[in-house]
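Hi everyone, thanks for coming.

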Amino acid sequence: MSDARLAAQFVDLRQQHDVARLGMWVFLATEVLFFGGLILAYCVYRTAYPEGFAEAARHTKIAIGTANTAILLTSSFLVAWAVTIIRLGESRFAALLLWAAALIGLAFLGLKGLEYSLEYREHLLPGFGFDYAGSQVRTVHLFFAFYLVSTALHAVHVAVGIVILAAIGWRAYQRRYSDNYHSPATVAALYWHFVDLVWIFLFALIYLPGRSG
Amino acid sequence: MTKSRRPPRIIVLSWLGLLALLAVTVTAAYVPLGTANTVVAMVIAAAKATIVATIFMELRERHPLTIPFAGAGFFWLAIMLWLALADYVTRPNFPPAG
C-alpha cells in the first residue's frame, strides 16, 4: 500500500520529514550568507564613518521600525503556535492562525511602504531624488543605499512568506496535515521565522544607531 | 479554548520575552553610553535571535543533524565577518609606508 504523500526515495514519512527540515536549513544557511554580505558591507562602512552613520540613522523612522518589529515577532508567534497545534489535529484553527500571521505580514509591508513614501518626500532614498544638505552627505547616501537595498530584499522575502503562509493555511484548512504528516507547515514556518530573524538584526543596525547623540 | 488549541506556555513566554527585549533595546538606544550603545543593541539582537532559533525554530528539540546544518550558515558568516573586519578595522593601525 503506497501513501501518495510519501516520495519514492524515502522509507517513511518520518524520514521524509527529517530530510525536508534539513533541506530548509541548508537553504537558510545560503540566506544567512546572502544577507551576511550586506551586513559585512554595512560593518565596514560604519567602522570607517561612525559619525555619518549615526547622523543618517537618526533620520530613519524608529516608530515605524519598532512597530514593524513587534508585528513580525507577533506573526512568528502565531506561526509557531499554529505548527504546534497542527500536530495535535487542530488544523482548522491552525489555518486561522496562519492566515492571521499572513495578514499581519501584510500590515508589515503596508507600514514599510508608508516609511518609504515618507523618506521619498524627505529626499532620503538613493536613486529616487536623493538630496541632503550637510557635511555628511556622502555617508548619509551610503547608509540609505544599504537601508534601501537590505529592507527591499527583506520585504521581498516577507511578500514570498505571506503567499506561502496563505497557501499552507489553505491546506491546513482542508485538513491535509496531521501528527504524522506536517512537513510543509513546519518547513514554511522555519522560513517565516528566519525572515523575522533577519529583521531583528536589520532593526538593530538601521534604526538604533545615533539615537543617544 | 479547548486544550489542544492552547498555545504551549513556552511559546507565549518567548513572544512576551521578545516584545520585552524590543522595548529594552529601543529604550537603551536613547541612553548615552558611547560605543556601548552598539554593544547593547547587538547583544539584545543576538538574544532575540537565540529565542527565535531555539524556541520558534525548534532547535531546542535537538533533532540529529539539525544543529550542524543550522550552525553551518552562521559558522561561515562568522568566518566572513571575522576575517574581513580583521582587515578593515586594523587598517588605520598599519598605514601604508611612505
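First, the bookkeeping. This is a predicted model, where local features need pLDDT of at least 70, side-chain atom pairs count only at pLDDT 80 or more, and totals for chains, interfaces and linings use all residues. Residues are numbered from 1 along each chain as its sequence is written, while chains are lettered from A and ligands numbered from 1 in the order in which they are written.

So, how many residues of chain B are in contact with chain A? It's 43, and they touch 40 residues of chain A; contact means C-beta atoms, placed from the backbone, within 7 Å. On the chain B side, helix 3 gives the most, with 14 residues. Helices here are DSSP runs (H or I, at least four residues), numbered from the N terminus.

Now look inside chain B. The axes of helix 1 and helix 2 of chain B come within 10 Å and cross at roughly 170°; axes are lines fitted to C-alpha atoms over the stretch in contact, with angles from 0 to 180 degrees between N-to-C directions. Helix 1 and helix 2 of chain B are therefore roughly antiparallel, the word for angles over 145 degrees. Among the residues making that contact are B:L18 and B:I44.

Last, the core. The largest nonpolar core has 77 residues: buried Ala, Val, Leu, Ile, Met, Phe, Trp, Tyr and Cys joined through C-beta atoms within 7 Å, buried meaning 20 or more other C-beta atoms within 10 Å. Helix 6 of chain A gives the most to this core, with 19 residues.

Notes
Contact = placed C-beta atoms within 7 Å. Helix = DSSP H or I, 4+ residues; strand = E, 2+ residues; numbered from the N terminus. Parallel < 35°, antiparallel > 145°, perpendicular 65-115°, else oblique. Buried ≥ 20, exposed ≤ 12 C-beta atoms within 10 Å, placed from the backbone.
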